[in-house]
Amino acid sequence: MDHVDFGYVPVGNIRYGNPEVTEEECIAAAKLANADSFIRMLPDGYDTILQGDGSGLSQGQRQLLVIAHRLSTVQNSNVIMVLDHGHIIERGTHEQLITEKGTYYQLYTGAFKLE
């Protein structure tokens, strides 16, 4: 599993390695990773300091924080490629792919429907 620093607030963990990610982007990534609801249920929500050993979170909750971290960092990539059955169906920066409102946009906004 990727790195999650306990002793920090959830936003700090999502932002790990990229301090330029805004709090709004962290929350959007948490929502997309389905971590927002459990984070909001923590005693101080996004301001809760996670226990040093992570014992206050389930394994699944820790994994959701890792997923949210990855989602928050992908938007700063030089190029993002969206694959479908091994074929590149979209390629561009975060901004370009959002503007196109294709599959990446649907995944990013949570509008993607599994078939």
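Below is a short chat about the predicted model shown above.

User: Hi! What kind of model is this?
Analyst: It is a predicted model, where local features need pLDDT of at least 70, side-chain atom pairs count only at pLDDT 80 or more, and totals for chains, interfaces and linings use all residues. Residues are numbered from 1 along each chain as its sequence is written, and side-chain values use heavy atoms, with hydrogens and water left out.

User: How much of the chain is buried?
Analyst: Buried residues are 34% of the 115 in the protein chain. Buried means under 20% relative accessible area, exposed means over 50%, and partly exposed lies in between (1.4 Å probe, protein chains only).

User: What about the largest nonpolar core, which residues have the most contacts inside it?
Analyst: Those are Ile14, Ala30, Phe38, Ile39, Tyr46, Leu57 and Leu65, in a core of 17 residues. A nonpolar core is a set of buried Ala, Val, Leu, Ile, Met, Phe, Trp, Tyr and Cys residues joined through side-chain atoms within 4.5 Å.

User: Which elements give two or more residues to this core?
Analyst: Helices H1 (10-15), H2 (23-32), H3 (36-41) and H4 (59-74) do. The largest share, 4 residues, comes from H2.

User: Let's zoom in on Phe38. Where is it, and is it buried or exposed?
Analyst: Phe38 sits in helix H3. Phe38 is buried, because its relative accessible area is 11%.

User: What is Phe38 in contact with, leaving aside neighbours within four places in sequence?
Analyst: Phe38 is in contact with Leu57, Gln61, Leu64 and Leu65. Contact means heavy atoms within 4.5 Å. Between Phe38 and Leu64, 26 residues apart along the chain, the C-alpha atoms are separated by 9.7 Å.

User: New topic: at what angle do H2 and H4 pack?
Analyst: They pack at about 125°, with their axes 8 Å apart. Axes are lines fitted to C-alpha atoms, for helices over the stretch in contact, and angles run from 0 to 180 degrees between N-to-C directions.

User: Which residues meet there?
Analyst: Ala29, Ala30 and Leu32 in H2 meet Ala68, Leu71 and Ser72 in H4.
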